[in-house]
Amino acid sequence: MNELISIEELIEVLTYLNDEELMEVRKAYKIANELHAGKFRQSGEPYICHPLMVAFILAEFHVDKDTICAAILHDTIEDTPITQEEITRLFNEDVSLLVDGVTKISQMNFSTKQDQNMANIRKILMAMAKDVRVILIKLADRLHNMRTLQFKSEFKQKENSLETMEIFVPLAYCIGAYRIKSELEDLSLRYLEVDKYRYYEEIKLKTEEESHSCLTEMLLTLDEMLNEQNFVHEIKVRTKNVYGIYKRIEEQGHQLVDIHDLLSLKVMVQDIPNCYLTLGMIHSKYHPLHHKFKDYIYNPKTNMYQSLHTTIFGEEDRLVQTQIRTFEMDQVASFGLAAYWSLHQENARVKMQEEFKKYQFYKSLVEIDEMFADNQEFVARIKDELLTAKVYVYTIDGKVVELPVGSTPVDFAYYINDHLGNTMIGATVNDQEVPFDYQLKTQDRVRIFTDEYLSASEILLDKARTTHAKMKIKENIAHYS
């Protein structure tokens, strides 16, 4: 897409909005264009091209009119004389709150740049808790800035890329926006590790070239099998992104041949029963690698990702991961919470916010905000607990629980419910008794033992890692002291 996008090109992709809504979009453009007149980006482009591109990125998600208007106006409060009150008067309170949510706090309010950054991160996250559309605008803003990062100094390139990896990539994962997450990862790696990015990009391109005939043959075979059953379907070929390959080899020590999801076929069908029938058909033709099967339909990830994953021995003895899901699940897998607009046009914003409140990320975010008044402590806790690596453990009935790395059985108990944590007297992991401070590992199966006549004590407090567990233990101790 040409970066010098015009308002007419944006309007062309907003076909899902009605004429009255499009008039509001044009109005937002007219105001932003006047306010940013005479200003240019470091690339030499008129500044208005940036907010238009942010809106264009969001248009792919079919977001509502207010989000598009806010995207076009997102830098106006920060960089021009217009106020939040004026935006409310010209549009509505939703648009002004969204613009304010992504507006940085002036550095005049802080003694150091770091203090300002911490406060701004907190402001964006808590605005997101009130309206998840804030983070969609911020992710689109960051994505376009990363796409045009070549015009910044080398120091700024690395600084922005590091912040993107620490904050925005995990946030994209948390709301399930995998398409944005993957592109941000690759763009960041390009500037943080230039030589390694080029090396792994070559591996990706070579893999795609060498596997083309294999994947094409498998795609045609699966297509024929599904047509014979009159299944409405679509099949896509996917190769792991550059950063994904880099991470598995450089950080996790795998060999290229060990990356079983290096090559993928995505199979979309109409409903859940057809997902499982498709799985059976695939296994009848291609032998599965049994320990690489995952059912994320029955056990969705905490960001609501759903799919069946099976790694099979494909043509030419290549291992190929096959992902089987419904068309709706594929929308959610690509766009996360933003998919609610294309899937549920009516009351999409309300449904999306209600869904977000079910996420563990949302609940933990609110608790951490309540517990830490200091911005630096707040951000440190967010990075350490929410924007960090996770372990995936099982309850005794097979439910998957996602916790931060370093979590203990105490954190697990409070994740399940507060009463379980408050009455906890012991735990087993994989049928072996473990101490309270045992650090859980992915695939551990955890059982909690309780005594209804006991309550949480200082002993548990020292063994907990998550804010939720610590908060509830302190509340329980205070109640009985």
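Modeller: In this predicted model, strand E8, which covers residues 424-429, pairs with E10 in the antiparallel sense, and five bridges join the two. The pairing belongs to an open sheet of three strands, which follow the order E9-E8-E10 with antiparallel pairing. Strand E9 (432-434) and strand E10 (446-450) stand at the edges; each has a single partner strand, so one side of each is left without a neighbour in the sheet. From one strand to the next, the twist averages 35°.

The aromatic rings may be taken next. Ring centres must lie within 6.5 Å for a pair to be counted, and by this rule there are ten aromatic pairs. In one of them, phenylalanine 356 and tyrosine 359 have ring centres 5.8 Å apart and planes at 65°; the pair is therefore edge-to-face, since planes over 60 degrees apart are classed in that way. Both phenylalanine 356 and tyrosine 359 are buried. Phenylalanine 356 also forms an aromatic pair with phenylalanine 361, and this one is tilted, with 6.3 Å from centre to centre and 40° between the planes. The relative accessible area of phenylalanine 356 is 0%, so this residue is buried. Phenylalanine 361 is likewise buried, because its relative accessible area is 7%, and the limit for that term is under 20%. Elsewhere, ring pairs link Tyr173, Tyr178, Tyr296 and Tyr305 into a cluster.

Lysine 27 lies over the face of phenylalanine 91, at 4.9 Å from the ring centre. Arginine 122 takes such a position over phenylalanine 378, where the distance to the ring centre is 4.1 Å.

Finally, there is the helix packing. Helix H7, residues 93-101, packs against helix H9, residues 133-147, with the axes 9 Å apart and at an angle of about 50°. The crossing in which H7 passes H9 is right-handed.

Methods: Residues are numbered from 1 along each chain as its sequence is written. This is a predicted model: local features need pLDDT of at least 70, side-chain atom pairs count only at pLDDT 80 or more; totals for chains, interfaces and linings use all residues. Side-chain values use heavy atoms; hydrogens and water are left out. Rings of Phe, Tyr and Trp (its six-membered ring) pair if their centres lie within 6.5 Å; planes under 30 degrees apart count as stacked, over 60 as edge-to-face and the rest as tilted. Buried means under 20% relative accessible area, exposed over 50%, partly exposed in between (1.4 Å probe, protein chains only). A charge sits over a ring if NZ of Lys or CZ of Arg is within 6 Å of the ring centre and within 35 degrees of the ring normal. Two strands pair if DSSP finds at least two bridges between them. Helices (H or I, at least four residues) and strands (E, at least two) are DSSP runs, numbered from the N terminus. Axes are lines fitted to C-alpha atoms, for helices over the stretch in contact, and angles run from 0 to 180 degrees between N-to-C directions. A crossing is left-handed if the near helix is turned anticlockwise from the far one by less than a right angle, and right-handed if clockwise.
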